[in-house]
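Welcome! Have a look at the sequence and the model below, and then read on for a short tour.

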Amino acid sequence: MSEKVLMKGNEALAEAAIQAGCKHFFGYPITPQTEVAAYMAKQMPKRDGTFLQAESEVAAINMVYGAAGAGARVMTSSSSPGISLKQEGISYIAGADLPCVIVNIVRGGPGLGGIQPAQSDYFQATKGGGHGDYHLVVFAPSSVQELVNLTKEAFDVADIYRMPVMIMGDGMLGQMMEPVEFGAYTPREIPEKTWATTGTEMKRKHNVVNSLYITASDLEELILERQKRYDVIEEKEARFEAYKTEDAEIIVTAYGITARIAQTAVNKAREQGIKVGMIRPITLWPFPKKAFAELDTNKVKNVLCVEMSMGQMVEDVRLSLDCKIPVDFFGRTGGVVPTPDEVLTKIKALYEGR
Amino acid sequence: MEQVFKRPHALVDVSEHYCPGCGHGIVHRLVAEVLDELDIEGKTIGVAPVGCAVFAYNYFECDMQEAAHGRAPAVATGIKRVHPDKVVFTYQGDGDLAAIGTAETVHAAARGENITVIFINNAIYGMTGGQMAPTSLMGQVTQTTPYGRTEQNQGFPIHVCEMLSTLDGVALAQRTTINSVKAIKETKAAIKKAFQNQIDKKGFSIVEVVSTCPTNWGKTPVEAMKWLEENMLPVYPLGVYKDKE
């Protein structure tokens, strides 16, 4: 399938997962990601896979735990309140070193919040969410095409590092239609799952999928081993896109759908002669620290972080810059989407205040 | 010389951590004997609970997964959907199965998930030191019911086999106990049937074993067995509640 097709984000994501070899999907209905489950329900039986609607998000993520532990490529998807419910299972999956893909099509919060697009789950996705010392790799696509590409890659990354990977979209990316191509992805090299519980066939010692280590020093040793893996990921997997940054005096930074809006504002500002560029983190964890740390402080006077939240990623931007460049924030929240003109106004104010 | 009694192959040769007089050791052995007799150890994947049997993954020779508290039937569902031709069982206590994991239990049963559930009902939380369980008896004194379980405060015990037997997806719901050689033999036969049902693709099978917890009941092993007979068996009558042919 190399020609372009017009698809809704949620459906394109589901198709990409199936093409990546995801044979099992466990979910629970919640707006605005329900099309993922609907697509899976229709396609999985025809394509040698399983779709199961669980009794709750808690059950769904634990079905993912079982299936991942049994060696399968498996995915679940939900939206913010449902992802909160899954945090128990996510912590256990991280603690048992199981690969899987978790999709969060983020909506406004806290609580029941709203059903409009938001980015207010950044802390939850990148700083833990569940209990314990662990990380998820978090991908933040900004177009339906990138959603497709990153979904395919997510399964490979999960298998390579034996850890859960989150695709963090938002209600807008999930609901909008864009042309996509499915042919482009080259799979990465995947290690064999010798640890999976597939039945011993009386040929090997039993495999145990587990996150319990009752001796403190054993648990510490395991966490330190896992941290070494995290260090490799921080080194190798951090990703961002730089846009018109070469001569920029102001850097706008945004991820996901907000980056599309910010990019329009950057283009408008360029038309008015303002030297502005954009850094778009593609991985939220690992955060692309170097993209910020290596900015030329003689040239770049301001960084503006734009989010659909009260300011969550901005903390990582500030930590990466280590106070070398002043960081401003602009955000809309609760499901309100910022306009390019609002962002442009902020850019102009910073430019005039230099 | 013929060896007439030995450790089942499916039971790992280690010292278990269970207290003297606890029923888990007996039931572990019965499960392992059944895995041996049906010759399914190599194709079985077990799911351990949270509670006293949390270390069951160290005691069975088959592949094992350790589930979060109460989630064993959901974890087993995930495994079974990946490996429909393998044998998948959960081993759970009363807090795990009938309190925090009620939803997972009921819905796995309602789906007729083709798995085997071994349920140990000893009317108390053992691992955390003797708190009220969903199956604690009326009036029973525990750490969290120091004045006894009352109708007004904690309500009534849950009868798992009776409740699940109303669901169409359930192939077998049987309650047994371990207070005599005869009872242990009956428990083993029920466990064997619960595994055979899965092999025959009959659906969800549960064996509830009424068991003892001398440590948290504050009794000797002998007293505990007597307490089980006098107090638990009248509330939890033994028998076959559902047997779908």
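Helix 2 of chain B is mostly covered, with 11 of its 11 residues buried. The buried residues run from B:Ala72, B:Pro73, B:Ala74 and B:Val75 through B:Ala76, B:Thr77, B:Gly78 and B:Ile79 to B:Lys80, B:Arg81 and B:Val82. Please keep in mind that this is a predicted model.

**Where chain B meets chain A**

- On the chain B side, 29 residues are in contact with 33 residues of chain A.
- Four elements of chain B give two or more residues each to this side: strand 1 (44-48), strand 2 (63-66), helix 2 (72-82) and helix 4 (102-110).
- Helix 2 of chain B gives the most, with 8 residues.
- Sorted by class, the side of chain B that touches chain A has 13 nonpolar, 7 polar and 9 charged residues.
- Strands also meet across the two chains: strand 9 of chain A (residues 208-209) pairs with strand 2 of chain B in the parallel sense, over 2 bridges.
- Within strand 2 of chain B, B:Met64 is the bridge partner of A:Val208.

**Chain A as a whole**

- Chain A has 12 helices and 15 strands.
- How does its radius of gyration fit a compact globule? For 354 residues such a globule would have a value near 20 Å, and chain A has 21 Å, which agrees.
- Along the principal axes, the C-alpha atoms of chain A fill a box of roughly 75 × 50 × 40 Å.
- Of the 354 residues in chain A, 54% are buried.
- Among the contacts in chain A between residues at least 6 apart in sequence, 80% join residues at least 24 apart.

**An open sheet in chain A**

- Here 7 strands of chain A form an open sheet with mixed pairing, and their order is 3-2-4-5-7-6-13.
- At the edges are strand 3 (50-53) and strand 13 (283-285) of chain A, each of which pairs on one side only.
- From one strand to the next, the twist averages 20 degrees.
- Inside this order, strand 4 (residues 74-78) and strand 5 (residues 100-106) of chain A pair in the parallel sense over 4 bridges.

**Strands 11 and 12 of chain A**

- Strand 11 of chain A (residues 250-253) and strand 12 of chain A (residues 276-281) run parallel and are joined by 4 bridges.
- A:Ile250 has A:Val276 in strand 12 of chain A as its bridge partner.
- Which way do the residues of strand 11 of chain A point? A:Ile250 and A:Val252 point one way and A:Ile251 and A:Thr253 the other way, and all are buried.

**A lysine in a loop of chain B**

- You can find B:Lys201 in the loop between helix 6 (181-199) and strand 6 (204-210) of chain B.
- Is B:Lys201 buried or exposed? B:Lys201 is exposed, because 11 other C-beta atoms lie within 10 Å, and the cut-off for exposed is 12 or fewer.
- From B:Lys201 to B:Lys242 there are 41 residues in sequence and 16 Å in space, C-alpha to C-alpha.

**Confidence in the model**

- The model scores ipTM 0.97 and pTM 0.97.
- For chain B the mean pLDDT is 97, and 100% of its residues reach 70 or more.

Conventions
Residues are numbered from 1 along each chain as its sequence is written. Chains are lettered from A and ligands numbered from 1 in the order in which they are written. This is a predicted model: local features need pLDDT of at least 70, side-chain atom pairs count only at pLDDT 80 or more; totals for chains, interfaces and linings use all residues. Two strands pair if DSSP finds at least two bridges between them. Axes are lines fitted to C-alpha atoms, for helices over the stretch in contact, and angles run from 0 to 180 degrees between N-to-C directions. pLDDT is the predictor's confidence in each residue, from 0 to 100. Two residues are in contact if their C-beta atoms, placed from the backbone, lie within 7 Å. Ala, Val, Leu, Ile, Met, Phe, Trp, Tyr, Cys and Pro count as nonpolar, Asp, Glu, Lys and Arg as charged, and the others, Gly among them, as polar. The radius of gyration is taken over C-alpha atoms; the globule rule is 2.2 Å times the number of residues to the power 0.38. A residue is buried if 20 or more other C-beta atoms lie within 10 Å of its own, exposed if 12 or fewer, and partly exposed in between; C-beta atoms are placed from the backbone.
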